[in-house]
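Q: Please take a close look at a single part of this model, the place where its chains meet, and then describe the surroundings in one connected account.

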Amino acid sequence: MHEWALAESVIKTAVEYAGTEKLKKLKETGVLFGELQAIDKEIFLFALEELRKQYPAAASCKFKIIAEPAAFRCKACAHEFPLKGLKKTKDEAEFIHFIPEMAHTFMKCPKCKSPDFEIARGRGVSISYLKGDR
Amino acid sequence: MTNIDPRPSVIGARLGKVKRVIAVTGWKGGIGKSVTAATLALLLAKKGYKAGLFDLDFAGASDHLILGARGIFPKEEKGLEPPVVNGVKFMSVTFFSENKAVPLRGANISDAIIELLAITQWGELDFLVLDMPPGINDAALDIIRFVGRAEVLAVTIPSVLAHDVLARSLELYRKLKVPVLCVIENMSSGRKTAGVSAYIKTDRALENALGHPAALLKTSFARDLSRAAGRFGFPI
């Protein structure tokens, strides 16, 4: 249930945003799920449902999960590559799930084998949009 | 609007039951920052305080070696609960790196630290000791910003180079309005130095005690640190 901690950060940020923007009702929050972190959608949504009880301002907010494919750009050779095809063990995938930056420890550019690459897209959990009534 | 990072919103709550946060800093390599941080956490735990140790020196993480922490991993429970080593709740990037190099650029280090700050459930602590990244960089600035109430324990050594860098670091902490609890001179010959508030003499037995907390606590290094801690308000 590591997802619970991230779900809490999403609902708390959404509620704080609604307060800052003086929204009467928070209607929808877009949540990007970066492919690299491989967050379990079912557990995440379950956590959000539980957390709603603590955050009444998000009682009727719809959380829309949007999958974002991961993309990497090598700093050494400028090669751009996706996650698919990169080798990692089950344990390494688990470590990347907790801290996506561990990708630099366990993965490398498929072209030049450098670990010095940029995670251009699809790292982890972020909020892409918030909708509500003023 | 696009891409809000939600993680910083919960960092305050994750540290909500931590009474004091002590950031052990050092601006030169090899001056004993990590040994000081780990030994301070062990001394606090031995005295009966609820103590935590967070190794934030990703490039040179070594607190796990000092504590002799092997075969442990955080428990997944609404985040990550740090395992307890000799009475100290302990978190380190080494849990996730299989003791391999962590080749991260500055922004990546910041991102990884924010992730760990957001998901680590420290629970109730009297003291959380942070083993800070060396010097000041974006990661160190992020920690100071997100943790918000860290008090600095600065480590230096008897060298004009270390002291010059230290003077600049203290000036920066003043500008950032970060309180400095104490400046400890490690590997000291005992000669008084301006600006230093406590001394730890060179302890040749220290190296062999690394990895063995019980032995570490019996070293003259630990005794000197304990005495120094008394000066900045920790009766250990």
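**The contact and its surroundings**

A: The contact draws 28 residues from chain B and 26 residues from chain A, two residues being in contact if their C-beta atoms, placed from the backbone, lie within 7 Å. On the side of chain B that touches chain A, the largest share, seven residues, is supplied by helix α4 (residues 106-119) of chain B. Helices (H or I, at least four residues) and strands (E, at least two) are DSSP runs, numbered from the N terminus. By residue type, this side of chain B consists of 14 nonpolar, six polar and eight charged residues. Here Ala, Val, Leu, Ile, Met, Phe, Trp, Tyr, Cys and Pro count as nonpolar, Asp, Glu, Lys and Arg as charged, and the others, Gly among them, as polar.

The model is predicted: local features need pLDDT of at least 70 and side-chain atom pairs count only at pLDDT 80 or more, whereas totals for chains, interfaces and linings use all residues. Residues are numbered from 1 along each chain as its sequence is written, and chains are lettered from A and ligands numbered from 1 in the order in which they are written.

Within chain B, helix α2 (residues 33-46) packs against helix α9 (residues 220-231) at an angle of about 75°, the axes lying 10 Å apart. Axes are lines fitted to C-alpha atoms, for helices over the stretch in contact, and angles run from 0 to 180 degrees between N-to-C directions. The angle makes α2(B) roughly perpendicular to α9(B), a term for 65 to 115 degrees, with angles under 35 counted as roughly parallel, over 145 as roughly antiparallel and the rest as oblique. From α2(B), Thr36(B), Thr39(B), Leu40(B) and Leu43(B) take part; α9(B) contributes Phe221(B), Ala222(B), Leu225(B), Ser226(B) and Ala229(B). These residues comprise six nonpolar, three polar and no charged.

Chain A contains four helices and six strands, in the sequence pattern α-β-α-β-β-β-α-α-β-β. An open sheet of three strands in chain A has the order β2-β1-β6, with mixed pairing; strands pair if DSSP finds at least two bridges between them. Strands β2 (62-68) and β6 (125-133) of chain A each have a single partner strand and stand at the edges, so one side of each lacks a neighbour in the sheet. From one strand to the next, the twist averages 20°. Helix α1 (residues 2-20) of chain A packs on the sheet, touching β1 and β6 of chain A, and its direction makes about 35° with that of β6(A).

Strand β1 (residues 25-34) of chain A pairs with β2(A) in the parallel sense over seven bridges. Thr29(A) stands opposite Phe63(A) in β2(A), and Phe33(A) has Ala67(A) as its bridge partner in β2(A). Between β1(A) and β2(A) the chain passes through helix α2 (residues 41-51) of chain A in a right-handed β-α-β crossover, meaning that, with the strands pointing away from the viewer, the path from the first strand over the helix to the second runs clockwise.

Ala93(A) belongs to helix α3 (residues 90-98) of chain A. Ala93(A) touches Ala38(A) and Lys88(A), not counting residues up to four places away in sequence. Although Ala93(A) and Ala38(A) are 55 residues apart along the chain, their C-alpha atoms are separated by 8.6 Å. With 14 other C-beta atoms within 10 Å, Ala93(A) is partly exposed; 20 or more would count as buried and 12 or fewer as exposed, with C-beta atoms placed from the backbone.
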